[in-house]
Amino acid sequence: MTVTIALFTRDLRVRDNPVLTAAHREGAAVVPLFVLDDAILSGRFAAPNRARFLAAALAELDDELRAIGGNLVLRRGDVAAEVDRVVAQVNAESVHVAADVSAYSLRRERALRERLARRDCLLHTHPATITAADREALLPATGRDHFAVFGPYFRRWSEAPRRTPLGTPRGLTVPRVSSLPLPDAGELCASRTSPRLAVGGATTGRKMMRDWLSGPVEHYARDNDDLAADATSRLSPYLHFGCVSPVELVHRVDMSTEGGRAFARQLAWRDFHHQVLAARPSAAWSDYRARDIRWREDPQAVDAWREGRTGHPIVDAGMRQLRAEGWMHNRARLITASFLTKSLRVDWRVGAEHFLRWLVDGDLADNQLNWQWVAGTGTDTRPNRVLNPLRQAERYDPDGAYVRRWIPELAHLPGARIHRPWRERIDPADYPAPIIDFVGM
């Protein structure tokens, strides 16, 4: 009997999963395998919010696999070593895994390939599983290995043919193989998580996708920057963990409508960042474009920024939302990042690391390259752009509803007055004075 392994990584779903579909087609029996990677769970990128989300996503993945006759096989340790052990245990002929772009995932792929070659076991990587587009199918006509500017990339991305979303495999047969029990969040990370963190997996994510596409997406172009309206899909954690397929999501979005095209554009930004990081893995922590920027070291200002105590309500509201939900509105991400890098002149890496600590959708490609875009070291064609927090507040939170939601000590200030508390009689013990001034304050 031919046995294959479907190695789940950031594709925790059974529907439209090229990894699982290919393994099922090739093998009479399939091992749906996930390895709890100690290098991630206890390393630099350990994040309690993502650990809690992962535990929920694995539980929903197991439920979906059981519905088609299978079950999730769980191991913990070094990924290459654990996969090698399962290959030996079931005499697997091949392993299937999603193609990924980070330096770590590429090292993991090389280690897997070397281990499996010793057993004459093939490793197959599948593109357009974690992203909507196959990176290698969207290369510039100039011969460069990636697009450095989003506009031309988006035009190619919009016109490129895509694979048809796959269905759910049926009649899965799983050979007898040892497995750990499904973990709870505490087992994966004991540190404090955000109190309002939303968790789920493929079942939850698909319901959210259906609800979003059934109507709200039509208003996305108009409302996506309205901080108080919260008119975004909130699908980013489900995309990060692959609970929702980006290919299916793009396939189902009506790009002939203004809202649908604006939403698809955000999915294209995600793919754009992945293709940049694939070509330049060092951009995770090094400047994509070197600039002569003299970063300041200001621990007190950084602490105030992290804690949402800068004295600038629109900035502080975003930072408090991050701590409370493990998520932040995209416009607030831009405002808070610009404040740290352009106003305080603090190195973008400081902010990127803090975001990775708290964001449940903390994706290395998106997070790091968005930070570089704001800081002026990335792909932005206007590297000197500065987002004035007062102007941003007046434009995207004109009545102060977003700030009022996250800064209760200012909730008594009416309307737009909440954005200038220094003009009111606010006790600095309740809310601090601004740590930096702007023209027109």
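Residues are numbered from 1 along each chain as its sequence is written. Because the model is predicted, local features need pLDDT of at least 70 and side-chain atom pairs count only at pLDDT 80 or more, while totals for chains, interfaces and linings use all residues; side-chain values use heavy atoms, with hydrogens and water left out.

**Stop 1: the domains.** Colour domain 1 (3–126), domain 2 (129–163 + 201–279) and domain 3 (299–423). These bounds come from an automatic or database domain assignment.

**Stop 2: domain 1 against domain 3.** Their centres, taken over C-alpha atoms, are 36 Å apart. Select the interface: 9 residues of domain 1 are in contact with 10 residues of domain 3. Contact means heavy atoms within 4.5 Å. About 800 Å² is buried between domain 1 and domain 3, and carbon and sulfur atoms give 53% of that area. Buried area is the accessible area (1.4 Å probe) that two parts lose on being put together, summed over both.

**Stop 3: the bridge across.** The rule finds 1 salt bridge across this interface. A salt bridge is a side-chain nitrogen of Lys or Arg within 4 Å of a carboxyl oxygen of Asp or Glu. Show arginine 10 and aspartate 363: their side chains meet in a salt bridge at 2.8 Å, N to O. Arginine 10 and aspartate 363 are buried. Buried means under 20% relative accessible area, exposed over 50%, and partly exposed in between (1.4 Å probe, protein chains only).

**Stop 4: aspartate 16.** Which residue forms a salt bridge with aspartate 16? Select arginine 163; the closest N and O atoms are 2.5 Å apart. The two sit 147 residues apart, aspartate 16 in the loop between strand 1 and helix 1, arginine 163 in the loop between helix 6 (150–159) and helix 7 (185–188). Helices (H or I, at least four residues) and strands (E, at least two) are DSSP runs, numbered from the N terminus. Aspartate 16 counts as buried because its relative accessibility is 0%. Arginine 163, at 26%, is partly exposed.

**Stop 5: serine 245.** Serine 245 is buried, at 2% relative accessibility.

**Stop 6: a network.** Finish with Arg15, Arg206, Glu248 and Arg252, which salt bridges link into a network. The whole structure holds 30 salt bridges.
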